[in-house]
Amino acid sequence: MTAIAIPPTTFDVASTPRPYWGLQNPNLNKALAEAQAEVEVVVKGSVHPTYGKVSKAEDIISAGKEVLNKHGLALIPLTVEHLVEPRLGDLDARLALHGRACWMRFYFKLVHKSGEYELIGPRDWLATPGKLGTNISACDTNALNYTYRDLLGIARYTTEEIVAIERAEEEETLKAAMR
């Protein structure tokens with residue numbers, strides 16, 4: 001396993017003490033709660049050929065970064081590891097072994113201006129065959145995108161869209177019951 005440090009210092013997550021959220025990071029937790037309450041919906045405004053309607057990663061990252069910074073927080077990428085592990089699926093492991101794909105593991109650090117921080121990770125992604133360099137870069141963006149989304153609870157639907165989806169599901173259920 002090769003580790004590439006971003007920035008040059010790496011850390012060993014297994015041996016790093018993980019503070020309990022709420023007890024040791026009151027400033028960070030308060031700022032994060034305020035950011036979560038304020039973050040805007042990032043609507044699904046793009047169409048992906050495979051996945052249909054999606055929110056752009058860039059839009060989620062931008063919204064997340066803006067609201068975190070406003071509350072004195074920053075999300076910092078720490079390390080990227082290239083993995084070949086037995087837990088990978090057979091095809092994934094074979095592709096990675098032959099240099100045609102690469103399993104990536106990302107770690108982040110959420111830092112408050114007071115100096116309090118929390119380690120976040122790992123987030124695992126598979127860079128698939130094709131233009132491997134491009135796909136590894138896409139893994140970086142995806143890991144950052146999903147970390148912002150999950151950390152802040154960024155919604156991808158407006159309230160009106162959620163109500164419309166629920167109504168459609170209820171109508172489908174009623175139609176199925178009437179058959």
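Residues are termed buried under 20% relative accessible area, exposed over 50% and partly exposed in between, with a 1.4 Å probe and protein chains only. The model is predicted, so that local features need pLDDT of at least 70 and side-chain atom pairs count only at pLDDT 80 or more, while totals for chains, interfaces and linings use all residues. Residues are numbered from 1 along each chain as its sequence is written, and side-chain values use heavy atoms, with hydrogens and water left out.

The protein chain contains five helices and six strands, taken as DSSP runs numbered from the N terminus (helices H or I, at least four residues; strands E, at least two). Their order from the N terminus is β-α-β-β-α-β-α-β-β-α-α. Of its 179 residues, 32% are buried.

A nonpolar core is a set of buried Ala, Val, Leu, Ile, Met, Phe, Trp, Tyr and Cys residues joined through side-chain atoms within 4.5 Å. The largest such core comprises 26 residues, and L68, L75, L110, Y148 and L152 have the most contacts inside it. Helix 4 (132–152) is among the elements giving two or more residues to this core, and helix 4 contributes the most, with six.

Surface patches consist of residues with over 30% relative accessible area (Shrake-Rupley method, 1.4 Å probe) and no salt bridge, with like charges joined within 9 Å and nonpolar side chains (Val, Leu, Ile, Met, Phe, Trp, Tyr) within 5 Å. A salt bridge places a side-chain nitrogen of Lys or Arg within 4 Å of a carboxyl oxygen of Asp or Glu. Y157, I162 and I165 make a nonpolar patch of about 220 Å². I165 lies in helix 5 (residues 159–178) and is partly exposed because its relative accessibility is 34%. E166, E169, E170, E171 and E172 form a patch of negative charge, each charge being placed at CD of Glu. E170 also belongs to helix 5 and, at 51% relative accessible area, is exposed.

Definitions and conventions: Lys and Arg count as positive and Asp and Glu as negative; His and the chain ends are not counted.
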